[in-house]
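Here is a briefing on a two-chain model. Please keep the sequence and the coordinates open while reading.

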Amino acid sequence: MKVRIHVSLKPGVLDPQGRAIQHSLEGLGFSGVNEVRQGKLIELDVDPAVTDDQLDEMCRKLLANMVIENYRIERVAQVESAQ
Amino acid sequence: MSGFRSAVVTFPGSNCDRDMAVALEQVCGSEVLRVWHGDAELPSGLDFIALPGGFSYGDYLRSGAMAARSPIMRAVSDAAARGVPVLGVCNGFQVLTETGLLPGALMRNAGIRFVCREVRLRVDNAQSLFTAGYDAGEEIVFPVAHHDGNFFADDATLDRLEGEGRVAVRYAEEVNGSARAIAGVLNDAGNVLGMMPHPERAIEPAHGGSDGRRLFESVIGGLVGA
């Protein structure tokens with residue numbers, strides 16, 4: 001089954017890349033963008049037997065750096081992944 | 001010092017490993033053993049371990065993240081816990097924070113750009129194994145070459161690092177947005193140093209400066225005196 005790991009910078013951690021993206025959007029004439037924060041999306045295809053605890057451990061041990069990042073685990077419904 | 005034995009770890013993508021080995025040979029008169037990231041064990045009887053600069057694993061996921069989980073790093077962590085001095089420079093510093101041997105994290109430079117030039121540093125703690133050859137507050141010049149050198153830690157961690165004298169060197173000019181201008185930090189026990197600037201690229205006048213020599217001389221002096 002598909003699992004999406006959303007990794008984002010913790011609030012308060014400066015994101016120079018996000019700021020540069022925001023400036024670029026402004027340069028293209030888009031107004032009203034108050035802030036941009038850049039994160040990562042990591043997609044895993046795992047056996048159904050893989051538990052939430054194991055996914056959590058994967059995030060803590062490798063996929064996210066807990067000093068600067070938060071993560072959110074999203075199990076993608078089979079129906080959606082079949083489409 | 002005769003019989004000084006050091007190891008330089010090479011990860012796929014390391015590119016300062018040879019410079020580090022040359023510095024250890026020339027300044028410390030060290031026998032330098034080259035160790036591969038996939039090795040599970042370090043050579044016995046090591047006096048010093050160096051993690052060099054470069055772009056290990058192409059900086060995949062995060063700089064230093066993959067290297068930190070490679071087999072050799074378990075052996076490096078064990079050696080560090082036994083008190084063996086460990087120096088991580090540039091990517092080596094990133095690997096040490098990712099391994100958890102040093103606090104904080106190294107993020108994208110505040111100015112986004114890769115910074116490759118000589119920078120002025122100020123020695124903050126001149127008592128450490130690595131910096132005893134410098135004077136406290138002394139200004140020195142090392143080259144930097146990095147994209148992810150922006151040191152980050154929460155305020156409580158930064159306060160603790162400063163309070164415990166664990167900030168070894170700071171930038172004396174704006175370089176990459178590092179919290180409190182921190183360029184290099186020590187672990188709790190003082191035997192692990194991570195720094196973004198490259199001492200191994202400043203060991204002879206032909207490099208444009210030789211301020212890095214004393215870092216290696218400090219280690220030799222500290223181990224002889226121990």
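The model is predicted. Chain A has 83 residues, and 8% of them are buried. Chain B has 226 residues, and 53% of them are buried. The contact draws 9 residues from chain A and 12 residues from chain B.

**Chain A overall**

- Chain A holds 3 helices and 3 strands.
- Along the sequence these elements follow the pattern β-α-β-α-β-α.
- The radius of gyration of chain A is 16 Å, but a compact globule of 83 residues would have a value near 12 Å.
- Along its principal axes, the C-alpha trace of chain A spans about 45 × 35 × 15 Å.
- Of the contacts in chain A with a separation of 6 or more, 69% are between residues 24 or more positions apart.

**The sheet of chain A**

- The 3 strands of chain A form an open sheet in the order β2-β1-β3, with antiparallel pairing.
- β2 and β3 of chain A are the edge strands, and each pairs on one side only.
- Neighbouring strands of this sheet are turned by 20° against each other on average, direction ignored.
- Helix α2 (residues 52-63) of chain A packs on the sheet and touches β1, β2 and β3 of chain A. The direction of this helix makes about 150° with that of β3(A).
- Strand β1 (residues 2-9) and strand β2 (residues 40-45) of chain A run antiparallel and are joined by 6 bridges. Within this pairing, Leu41(A) in β2(A) is the bridge partner of His6(A).
- β1(A) and strand β3 (residues 69-75) of chain A also run antiparallel, with 7 bridges between them. Tyr71(A) in β3(A) is the bridge partner of Val7(A), and Asn70(A) in β3(A) stands opposite Ser8(A).
- In a regular strand, side chains alternate between the two faces of the sheet.

**Helix α1 of chain A and the contact**

- Helix α1 of chain A covers residues 16-27, which is 12 residues.
- How far apart are the end C-alpha atoms of this helix? They are 16 Å apart. At 1.5 Å a residue the helix should span 16 Å, so the two values agree.
- Gly29(A) follows α1(A) and has a positive phi, near 95°.
- The contact between the chains takes 9 residues from chain A and 12 residues from chain B. On the side of chain A that touches chain B, α1(A) gives the largest share, 3 residues.
- By class, that side of chain A has 7 nonpolar, 2 polar and no charged residues.

**Chain B overall**

- Chain B contains 6 helices and 11 strands.
- A compact globule of 226 residues would have a radius of gyration near 17 Å; chain B has 16 Å, which agrees.
- Taken along the principal axes, the C-alpha atoms of chain B fill a box of roughly 40 × 40 × 35 Å.
- Among the contacts in chain B between residues at least 6 apart in sequence, 76% join residues at least 24 apart.

**Positive phi in chain B**

- Most residues other than glycine have a negative phi.
- Leu61(B) is not a glycine, yet its phi is positive, about 65°. Leu61(B) lies in the loop between β3 (48-51) and α2 (65-68) of chain B.
- Cys90(B) sits in the loop between β4 (86-89) and α4 (91-99) of chain B.
- Cys90(B) is buried, because 31 other C-beta atoms lie within 10 Å.

**Val119 of chain B**

- Val119(B) lies in strand β6 (residues 115-123) of chain B.
- Val119(B) has 19 other C-beta atoms within 10 Å, so Val119(B) is partly exposed.
- Which residues does Val119(B) contact, leaving aside neighbours within four places in sequence? They are Phe142(B), Val144(B), Tyr171(B), Glu173(B), Val175(B) and Pro197(B).
- Asp154(B) is 35 residues from Val119(B) along the chain, and their C-alpha atoms are separated by 25 Å.

Conventions. Residues numbered from 1 in each chain as written. Chains lettered and ligands numbered in written order. Predicted model: local features only at pLDDT ≥ 70, side-chain atom pairs only at ≥ 80, totals over all residues. Pairing = 2+ DSSP bridges. Helix = DSSP H or I, 4+ residues; strand = E, 2+ residues; numbered from the N terminus. Axes fitted to C-alpha atoms, helices over the stretch in contact; angles between N-to-C directions. Contact = placed C-beta atoms within 7 Å. Buried ≥ 20, exposed ≤ 12 C-beta atoms within 10 Å, placed from the backbone. Expected span 1.5 Å × (residues − 1). Nonpolar A, V, L, I, M, F, W, Y, C, P; charged D, E, K, R; others polar. Rg over C-alpha atoms; globule rule 2.2 N^0.38 Å.
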